[in-house]
Amino acid sequence: MPEALVIRNLSKRFGGLRAVQDVSFAVNEGETVALIGPNGAGKTTSFNLVTGYYRPDEGSVSAFGREIIGLRPHDICAHGLARTFQVARPFGGMTVLANVMTGAFLRNRHIDAARESAREAIAFVGLSAKEHSAARDLTTIDQRRLEMARALATQPRLLLLDEVMAGLNPSEVDQAVALVGKLSKRGLTIVIVEHVMRAIMAVARHIVVLDHGQKIAEGNPGEIVANPDVIRAYLGTGYVHATAGGT
Amino acid sequence: MGGLRNWGMLSLGVLVAVLLALPLVVKNSFVIDIFIRILLFAFIGVAWNLIGGYAKQLSLGHAAFFGLGAYTSTILQIDFGVSPWIGMVCGGVVAALASLPIGWLCFRLRGPYFAIATIATAQVLMLIFLKFRDLAWGAEGTTIPNLGHAPLMMQFEGKTAYYYIALAMLTLGLAITYRIERSWMGYYLVAIGEDEDAAEAVGVNAPRIKRDIYMISAFLTALAGTFYTQYIYFIDPNTAFNFSVSIEAALVSIVGGVGTLWGPVIGTVLLEATSALLQSWLGSSGGVQLTVYSLILMAVILWRPTGIMGFITDVYQRRIRAHGGSVQAVLDA
């Protein structure tokens with residue numbers, strides 16, 4: 001299978017802090033890969049490096065055969081990589097529809113066409129009933145849905161989801177898992193940063209584990225839960241709780 | 001919704017008719033002067049609103065473009081005999097070009113730092129025109145030679161023609177805003193105003209959009225500068241680059257409602273009318289009228305931070321909800 005994303009020897013320092021150190025991994029097209037690790041492991045930093053919000057000190061990132069380091073975030077989005085934010089960042093004063101249309105304009109500047117494809121994305125994430133609500137009035141899960149719809153409207157090939165399930169209750173997590181599954185079925189390549197182990201096991205067949213900015217393990221869920229380094233660094237004795245749905 | 005639109009078109013038609021007929025009815029030149037000022041500042045507010053309202057880039061330096069417009073047309077007219085009509089467009093182009101380096105410098109700053117940087121650019125331009133006498137006429141400025149009735153040189157007997165020019169400029173500004181508001185550009189501007197990083201994440205080239213809208217805003221503001229100089233027959237750095245122009249441009253939009261089509265117009269009518277009324281009641285000496293004016297301003301901003309348009313929209317939505325209708329028209333425009 002061709003590779004959608006290839007990350008090689010990526011490093012980023014903030015002053016004395018090595019947020020990401022020499023991280024390499026690849027994501028195949030159509031695959032869902034989870035990026036996990038304890039707080040401060042460098043997951044969100046890696047996302048920001050891949051999507052152009054930070055410039056790495058070293059390393060390279062290529063997406064669909066093109067080097068994307070040095071590109072600005074909007075260029076990277078235009079190249080087919082869309083992301084969500086750890087804390088949802090909807091355009092609060094705009095309606096749900098206007099939010100998603102803003103994403104849709106990337107591929108089509110016509111207002112009617114943008115509205116059309118925005119409605120499609122909104123329906124896909126199940127927000128149609130709230131199309132005309134102001135984004136700031138949405139609940140947490142609906143804001144996450146909105147962010148996904150807005151990202152989808154840019155017609156990405158690779159979707160980077162940053163903790164879309166944080167702060168959701170167990171039944172909402174199930175809905176979110178179902179949604180990610182639906183996205184994957186559509187043929188999207190997905191990289192997901194997540195804390196909720198139950199969700200990761202459900203959506204990802206390949207997991208990359210970061211700790212203190214370094215990759216400590218990589219493999220399928222079965223290998224990861226059995227890996228002593230992972231258990232020591234991340235799961236620890238809390239693993240029992242983690243499988244029960246929390247961290 | 002169709003009825004609503006018809007109602008809107010009807011009231012717009014009535015407004016246009018009243019504005020067109022006004023100078024035929026009102027002959028008092030003091031009153032016409034107030035109307036010209038309202039139209040002019042509403043226009044400057046509309047120009048400011050594009051960058052300051054929709055994209056929420058709080059520029060407090062629009063006097064820079066106002067002044068560049070004023071000086072470009074005046075220099076062309078006095079030194080080269082070029083008609084201010086042509087000078088006006090040239091001034092717009094000069095201001096639009098000047099907005100490129102100004103924006104390049106200022107847009108790397110955000111929030112209050114951006115505002116401060118824009119203030120500085122207008123001040124620097126004022127100092128340049130004050131100090132370098134070769135460039136223009138230094139601190140003492142110059143009067144525009146009065147040619148009597150010379151429409152081709154943008155000079156007219158009486159105030160009626162100036163009124164119509166100002167009305168035409170405002171109409172142009174509103175038409176441009178209307179078009180932008182209803183296109184992808186409008187969505188992008190609002191998205192940038194809401195959250196620039198998030199906008200970038202969905203493919204919005206924020207620096208380029210800001211640069212483009214800043215150019216349009218600068219161009220329009222410069223037209224106002226030319227017009228004002230022709231209207232008062234005088235130019236000096238202090239009137240052309242006056243900080244109060246920058247303040248007024250932002251203020252009328254903030255009071256009326258930033259990021260709305262009619263906000264700057266409503267804000268200007270409110271502020272200019274208040275200021276004119278206060279002046280006639282309290283007199284212009286002693287600063288009492290300024291104090292009262294400032295108090296009213298504070299009250300409006302405290303009471304309605306979204307401006308008068310925000311207030312109208314709120315009331316309107318509540319009424320529609322009460323009637324069980326849809327709020328779609330309001331929110332999606």
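Modeller: The contact between the chains takes 28 residues from chain A and 20 residues from chain B; two residues are in contact if their C-beta atoms, placed from the backbone, lie within 7 Å. This is a predicted model, in which local features need pLDDT of at least 70, side-chain atom pairs count only at pLDDT 80 or more, and totals for chains, interfaces and linings use all residues. Residues are numbered from 1 along each chain as its sequence is written, while chains are lettered from A and ligands numbered from 1 in the order in which they are written.

Biologist: What are the domains of chain A, and how far apart do their C-alpha centres lie?

Modeller: The assignment gives domain 1 (27-55 + 69-80 + 159-247) and domain 2 (91-155) of chain A; such bounds come from an automatic or database domain assignment. The two C-alpha centres lie 24 Å apart. Nine residues of domain 1 of chain A are in contact with eight residues of domain 2 of chain A. On the domain 1 side, helix 2 (73-78) and helix 6 (170-185) of chain A each give two or more residues, and helix 6 of chain A gives the most, with three.

Biologist: Why are helix 3 of chain B and helix 9 of chain B called oblique to each other?

Modeller: The axes of helix 3 (residues 63-80) and helix 9 (residues 206-232) of chain B come within 6 Å and cross at roughly 55 degrees. Axes are lines fitted to C-alpha atoms, for helices over the stretch in contact, and angles run from 0 to 180 degrees between N-to-C directions. Angles under 35 degrees count as roughly parallel, over 145 as roughly antiparallel, 65 to 115 as roughly perpendicular and the rest as oblique. Helix 3 and helix 9 of chain B are therefore oblique.

Biologist: Why is helix 3 of chain B also called oblique to helix 4 of chain B?

Modeller: Helix 3 and helix 4 (residues 84-106) of chain B pack at about 140 degrees, with their axes 8 Å apart. The pair is therefore oblique as well. The contact includes B:L68 and B:L76 of helix 3 and B:V94 and B:I102 of helix 4 of chain B. Its residues divide into 11 nonpolar, eight polar and no charged.

Biologist: How do you know that the radius of gyration of chain A agrees with that of a compact globule?

Modeller: The radius is taken over C-alpha atoms, and the globule rule is 2.2 Å times the number of residues to the power 0.38. With 247 residues, the rule gives a value near 18 Å, and chain A has 18 Å, which agrees. For chain B, with 333 residues, the rule gives a value near 20 Å, and the chain has 20 Å, which agrees.

Note on methods. Helices (H or I, at least four residues) and strands (E, at least two) are DSSP runs, numbered from the N terminus. Ala, Val, Leu, Ile, Met, Phe, Trp, Tyr, Cys and Pro count as nonpolar, Asp, Glu, Lys and Arg as charged, and the others, Gly among them, as polar.
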